[in-house]
Amino acid sequence: MTSFLTGIAASDGIAIAKAYRLETPDLTVEKRTVADPEAETTRFEQALEQAKSELEAIRSRTAETIGHEQAAIFEAHLLVLNDPELIGPIKETIRTAEVNAEFALEETSSMFVSMFESMDDAYMKERAADIRDVAKRVLSRLLGAENPNLSLISQEMIVVAKDLTPSDTVQLNPEFVKGFITDVGGRTSHSAILARTLEIPAVTGAKSAMATVRNGDTVIVDGLAGEVLVNPEESEIARYEAKQQEHLQQKTEWSKLVDEATVTADGRHVELAANIGNPTDVQGVIANGGEGIGLYRTEFLYMGRDSFPTEEEQLEAYSAVLKGMKDKPTVVRTLDIGGDKELSYLDMPAELNPFLGVRAIRLSFEREELFRTQLRALLRASVHGNLKIMFPMIATLGEFRKAKAILEEERERLTASGIEVKDDIEVGIMVEIPSTAVMADTFAKEVDFFSIGTNDLIQYTLAADRMNERVSYLYQPYNPAVLRLVKTVIDAAHKEGKWAGMCGEMAGDEVAVPILLGLGLDEFSMNASSILKIRSLLRNLSQEEMAKQMDAILNLGTAEEVKETVQRLLK
Ligand code: PEP
Ligand code: MG
């Protein structure tokens, strides 16, 4: 019997394959005394060996499919496993205290973790994260728990998980992972955004997928409708295969627009740019006819590794993006860690409300040396293309001034030491906090551009966590409150002769786009895979006609009314 699940349509497309459950094993440890400590030590040694060969396999697979840099993290883990200073005391504890290996491992590793964490040295703090990870791996072997690894998937599969973090998602190899389903998460959680970049169909917020799907079940993921079918009938598979074909044909149709300009029916040009997370994404931007990059989320450069990227590494990445874009506008956003984006090696205390905590520019101010390193790399890369620098999560004008002053200091230092830096780099901000949207007129006098980050702006305006599927009904892009803030920002920019773009997911949404056009948005930045669909839509819309509808639309009472009105206009 087929089971149907519904969730949030997180990434377009349809996938049909066998399920792979990503389970988080229960690693609770109990203390036991053992009668034969020698046998227990042997059991520990066997678990160590198993963990080592597991790590070897992951390391070579990661190096092959993702890259040597990302594989380095597993090399560091192997070093920990071979470190007599850690392994010796564990064996010693088993022998002298006559306790089980699990307990000895946990007690000893926790002691090292706290010791390294309390040190001031950043390198030592990173070792704490390595030890924690490695201890977990050996513990899983001792407890006989499944320790699934996404990068080891080597057959066509659909990953089913309670949740996927952005660092899990970067490990997915699109060659084998045909789709994914998560029980929690919304459309703008970062794993959903990554799925769209990787063009992997996904449904998030499916609530009971883990309770329903077993390993090896046949699963259909319909990322267009937000539906999941578990163990479908033959006739259902045929129906979805037809839908899959139709979707692919539609994409072929859109692809004819790749070299066309984005001009509306009444001759207005708007810029269609792309959001990227990695230098390798530039290929997809060009292939999809992107006219620029409206958001480079540099935080992904900091993920999937175990230490901060150096200035030289960053310089290389930013230069590669700028060169790849060949003088097309390229907006690079400074580090936005926090919220749902974590770094294992950054020692951040847990926060009750991480989306309201030390995130993005706040972290850059707290860890100013990291911020300065990134700015130097950006300034040095500027000679390679059309760089624009953008600060995330700006809540007050004071924050913008402070960030800009630090940028200028770094520029002066570089030029004083004879390093060339472009002198016309635009500096702008993300508008993703309501205070900044409301104050846009004041900001517009000092910034060079705005990019509206609706993923966050919506969650902060309606006080509805973008990650929480239980309040996803309140996460309303078309809510007139959001639209009025967007209008405030665009008008403020234009009044000062500046440009306003949008890099939140709303910029690639078919219902929102006609409104944004009507409000006069200059740049729409989205997942590269949406560009051609939106170009096709914009070519059929008149900017002047849409502008005439704005008063009526912004005076509607609800998001549903806005949606219905736009859909009626589009017919
Ligand atoms: C946004 O908030 O709209 C945005 C583009 O930034 P992020 O999704 O990375 O928070
Ligand atoms: Mg944001």
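β15, helix α19 (residues 512-519) and β16 form a right-handed β-α-β unit. Right-handed means that, with the strands pointing away from the viewer, the path from the first strand over the helix to the second runs clockwise. Helices (H or I, at least four residues) and strands (E, at least two) are DSSP runs, numbered from the N terminus.

This is a predicted model: local features need pLDDT of at least 70, side-chain atom pairs count only at pLDDT 80 or more, and totals for chains, interfaces and linings use all residues. Residues are numbered from 1 along each chain as its sequence is written, chains are lettered from A and ligands numbered from 1 in the order in which they are written, and side-chain values use heavy atoms, leaving out hydrogens and water.

**The barrel.** Eight strands close a barrel in the order β9-β10-β11-β12-β13-β14-β15-β16, with parallel pairing. The twist from one strand to the next averages 25°. Helix α11 (residues 311-324) packs on the sheet. It touches β9, β10 (293-297), β11 (329-333) and β12 (386-391) (contact: heavy atoms within 4.5 Å). The direction of α11 makes about 160° with that of β10. Axes are lines fitted to C-alpha atoms, for helices over the stretch in contact, and angles run from 0 to 180 degrees between N-to-C directions.

Strands pair if DSSP finds at least two bridges between them.

| Strands | Bridges | Partners |
|---|---|---|
| β9 (residues 271-276), β16 (residues 523-527) | five | Asn 275 and Asn 527 |
| β15, β16 | two | Gly 501 and Glu 523 |

In strand β15 (residues 499-502), Trp 499 and Gly 501 point one way, Ala 500 and Met 502 the other. All are buried (under 20% relative accessible area, exposed over 50%, partly exposed in between; 1.4 Å probe, protein chains only).

Glu 432 sits in the loop between β13 (426-431) and α15 (434-438), Asp 456 in helix α17 (residues 454-462), 24 residues apart. Glu 432 counts as buried because its relative accessibility is 1%. Asp 456, at 3%, counts as buried too.

Helix α17 is mostly covered, with seven of its nine residues buried. Among them are Asn 455, Leu 457 and Tyr 460. Ala 463 follows α17 and has a positive phi, near 50°.
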